[in-house]
Amino acid sequence: DDKVYLMGGSTPDAVTVEIAATAFLDQLAFLDRLEAYSADVHATIARNLENQAVDAESLAARTRIIIIGLIGLTLLLAVLIAGSTLGPLRRLRRRATQVANGRLDVKPLAVRGPSDIRTLTVSVNSMLATLQAVDDQVRSLADGRPADATAANLPGDIGISLRQSLERLES
């Protein structure tokens with residue numbers, strides 16, 4: 001036979017076939033080991049990714065709980081702040097309505113709430129005290145009793161008007 005084979009000779013001999021077969025089998029064994037290594041690497045990567053996914057889900061659940069807690073705390077604080085502001089504001093509104101309706105025989109309001117509300121309450125109490133003093137002076141004059149010394153201490157235009165009226169009555 002004049003056929004030429006890849007091994008370089010015209011007819012393969014047993015040694016050449018054995019070497020080729022061994023090399024082929026070695027390559028198959030290498031490919032099997034490579035496939036096993038690749039499967040192990042991919043399995044490890046898959047396990048790591050699954051663990052990371054479980055950790056991420058756990059972290060997401062904890063984050064949701066924290067966010068819900070913060071929202072709850074924020075709502076609670078909003079209710080507390082609204083209560084500490086709205087309660088005193090309602091009392092101030094009721095007191096202003098009483099004074100507007102001519103009721104001056106009321107006690108001063110308790111000074112509570114945020115600083116601006118406390119400042120407003122102090123002002124309303126001061127205004128009420130002034131109106132009560134003016135009312136006392138006017139009642140004294142109406143009853144024919146002499147005005148007392150508080151008329152001289154009344155603030156602003158109302159104090160000036162009352163003092164001038166008292167001076168005219170005395171002359």
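Let me begin with Leu92, which sits in helix α1, spanning residues 14–100, where a helix is a DSSP run of H or I with at least four residues, numbered from the N terminus. Please keep in mind that this is a predicted model, in which local features need pLDDT of at least 70 and side-chain atom pairs count only at pLDDT 80 or more, while totals for chains, interfaces and linings use all residues. Residues are numbered from 1 along each chain as its sequence is written, and side-chain values use heavy atoms, with hydrogens and water left out.

Leu92 is buried, at a relative accessible area of 7%; buried means under 20%, exposed over 50%, and partly exposed in between, with a 1.4 Å probe and protein chains only. Setting aside residues up to four places away in sequence, Leu92 touches Leu109, Ile117, Leu120, Thr121 and Val124, contact meaning heavy atoms within 4.5 Å.

What is the nearest side chain of opposite charge to Arg95? That is Asp105, 8.5 Å away, and Arg95 is buried yet has no salt bridge, a term that requires a side-chain nitrogen of Lys or Arg within 4 Å of a carboxyl oxygen of Asp or Glu; Lys and Arg count as positive and Asp and Glu as negative, with His and the chain ends not counted. A polar atom of the Arg95 side chain does, however, lie 2.3 Å from the backbone oxygen of Lys107.

Finally, Phe30 is placed in helix α1 and is partly exposed, with a relative accessible area of 42%.

Definitions and conventions
Helices (H or I, at least four residues) and strands (E, at least two) are DSSP runs, numbered from the N terminus. A polar contact is a pair of N or O atoms within 3.5 Å; within protein, one must be able to donate a hydrogen and the other to accept it, and residues adjacent in sequence count only if both atoms are side-chain atoms.
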